[in-house]
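Subject: Structure handover

Hello,

Here is the structure I promised to pass on. Please open it alongside these notes.

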Amino acid sequence: MMSKFPAFKTPGDQDAYIGIFEHKLQGYWALMTRVKNKFFAGDSLTKEWKWEELQPKTIEIFRDITSDLMYQTEVDFKERYPDYKTADDELFISYRSFKENVSEALNEALDQRDKGD
């Protein structure tokens, strides 16, 4: 879903918008890092990987997994707390299944590990 960048009425409005964006960016980055670390940290299949060591496709998969988990969390939350439901809640269509994302990420990690040996 593509959002329009608003035509701000005041510099203060623009600052508020950027502040909200920064807050959401930090939250999303933290969630993506948690997903990455779950699959590629010291207690996973391989060594702890840094972002700059990952292939672009792997990062894309982490983004997809993170987005899917965020969506599933929101759905579960709204099921438990129906006051948060809106008319738009049924519109999301997942790009790929969680299983496809995980399988592809793990296969890529194993390929990278095999190349390093």
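Below are the notes on its core, its voids, its salt bridges and one surface patch.

This is a predicted model: local features need pLDDT of at least 70, side-chain atom pairs count only at pLDDT 80 or more, and totals for chains, interfaces and linings use all residues. Residues are numbered from 1 along each chain as its sequence is written, and side-chain values use heavy atoms, with hydrogens and water left out.

**Core.** The largest nonpolar core has 13 residues. A core here is a set of buried Ala, Val, Leu, Ile, Met, Phe, Trp, Tyr and Cys residues joined through side-chain atoms within 4.5 Å. Buried means under 20% relative accessible area, exposed over 50%, partly exposed in between (1.4 Å probe, protein chains only). Val35, Phe39, Phe40, Trp51, Leu54, Phe62 and Ile65 touch the most other members. Two or more residues come from each of α1, α2 (56–80) and α3 (98–116). α1 gives the most, with four. Helices are DSSP runs (H or I, at least four residues), numbered from the N terminus.

**Voids.** There is one cavity of 30 Å³ or more. The largest cavity holds about 40 Å³ of space. Its lining includes Phe40, Trp49, Leu54 and Glu108. α3 gives the most to that lining, with three residues. The second largest pocket has a volume of about 160 Å³. Among its lining residues are Leu31, Val35, Leu69 and Met70. On a 1 Å grid over the protein atoms alone, a cavity is a set of points where a 1.4 Å probe fits but cannot get out; a pocket is an open set with protein on both sides within 12 Å along at least five of seven lines; lining residues have an atom within 4 Å of a point. Grid points are joined across faces, edges and corners, and a volume is the space filled by probe spheres set on the points.

**Salt bridges.** The structure holds five (a side-chain nitrogen of Lys or Arg within 4 Å of a carboxyl oxygen of Asp or Glu). Lys57, Glu60 and Glu104 form a network. The closest N and O atoms are 3.5 Å apart for Glu60 and Lys57. These two are three residues apart in α2, so about one helical turn separates them. For Lys57 and Glu104 the distance is 3.7 Å. Lys57 lies in α2 and Glu104 in α3, so this pair ties together parts 47 residues apart in sequence. Lys85 pairs with Glu79 at 3.0 Å. Lys85 is partly exposed, at 41%, and Glu79 is exposed, at 52%.

**Surface.** Phe5, Tyr17, Ile18, Phe21 and Leu25 make a nonpolar patch of about 490 Å². Patch residues have over 30% relative accessible area and no salt bridge; like charges are joined within 9 Å, nonpolar side chains (Val, Leu, Ile, Met, Phe, Trp, Tyr) within 5 Å. Areas come from the Shrake-Rupley method with a 1.4 Å probe; for residues, only the protein chains shown count as cover.

Best wishes
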